[in-house]
Amino acid sequence: MWQTKTFQNLTALELWKIYQLRVAVFVVEQNCPYQEVDESDKSAVHFWQEIDGEIRAYCRIIDTPDWVKIGRVIVAPAARGTGLGRELMSNAVEAVKTRFPTKPIYVQAQARLQDFYGSFGFKAVSDIYLEDGIPHLDMVLEFR
């Protein structure tokens with residue numbers, strides 16, 4: 001079952017599990033030393049699936065004046081290759097459509113995942129650039 005909570009509604013254990021997974025993948029596995037926990041966490045809607053007490057897939061949803069950003073998209077290493085990433089994005093996009101039906105969705109995608117995001121209808125709106133040493137590009141999904 002997918003869980004959706006604001007920062008204020010997360011338990012300490014849920015927040016710890018989220019941060020543990022994000023740091024393990026984005027900082028350690030991808031070798032990107034940066035401030036992974038940031039101010040956006042406090043205004044984000046946190047969206048995840050937990051299996052057997054472990055978070056297997058996660059993203060955060062952030063409402064901005066121009067669009068809704070889906071970020072920190074992650075599948076735990078043990079759950080990769082199972083289709084959980086596709087399930088995560090499909091459910092996250094539907095959650096955004098329900099909460100913010102008139103706003104486009106923005107993702108800052110790793111360039112190697114352009115086709116993955118493109119399969120949901122996201123279109124590239126930037127050239128490829130380096131973010132923390134990893135090629136990225138900006139992509140947007142319009143509903144209009």
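Start by colouring by pLDDT, the predictor's confidence in each residue, from 0 to 100: the protein averages 95, and 99% of its residues reach 70 or more. This is a predicted model, so local features need pLDDT of at least 70 and side-chain atom pairs count only at pLDDT 80 or more, while totals for chains, interfaces and linings use all residues. Residues are numbered from 1 along each chain as its sequence is written, and side-chain values use heavy atoms, with hydrogens and water left out.

Next, pick two strands. Helices (H or I, at least four residues) and strands (E, at least two) are DSSP runs, numbered from the N terminus. Among the elements, strand E7 (residues 129–131) has the lowest mean pLDDT, 94, and strand E6 (residues 123–124) has the highest, 98.

Now select helix H1, residues 12–29.

Buried here means under 20% relative accessible area, exposed over 50%, and partly exposed in between (1.4 Å probe, protein chains only). The buried residues of H1 include Leu-15, Ile-18, Tyr-19, Arg-22 and Phe-26. Show what they pack against, with contact meaning heavy atoms within 4.5 Å: strands E1 (2–6), E2 (45–51), E3 (54–63) and E4, plus helix H2. Just past the end of H1, click Asn-31, which has a positive phi of about 50°.

On to the salt bridges: a side-chain nitrogen of Lys or Arg within 4 Å of a carboxyl oxygen of Asp or Glu. The rule gives twelve of them.

- Arg-80 and Glu-29: the closest N and O atoms are 2.9 Å apart. The pair ties the loop between strand E4 (68–75) and helix H3 (84–99) to H1, 51 residues apart. Arg-80 is partly exposed at 39%, and Glu-29 is partly exposed at 42%.
- Glu-36 and Arg-72: here the closest N and O atoms are 2.5 Å apart. Glu-36 lies in the loop between H1 and helix H2 (40–43), and Arg-72 in E4, 36 residues apart. Glu-36 is buried at 2%, and Arg-72 is buried at 19%.
- Lys-42 and Glu-39: the closest N and O atoms are 2.9 Å apart. Lys-42 is partly exposed at 43%, whereas Glu-39 is exposed at 59%.

Last stop: select Arg-22, Glu-36, Asp-38, Asp-41, Arg-60 and Arg-72 together, as salt bridges that share partners join them into one network.
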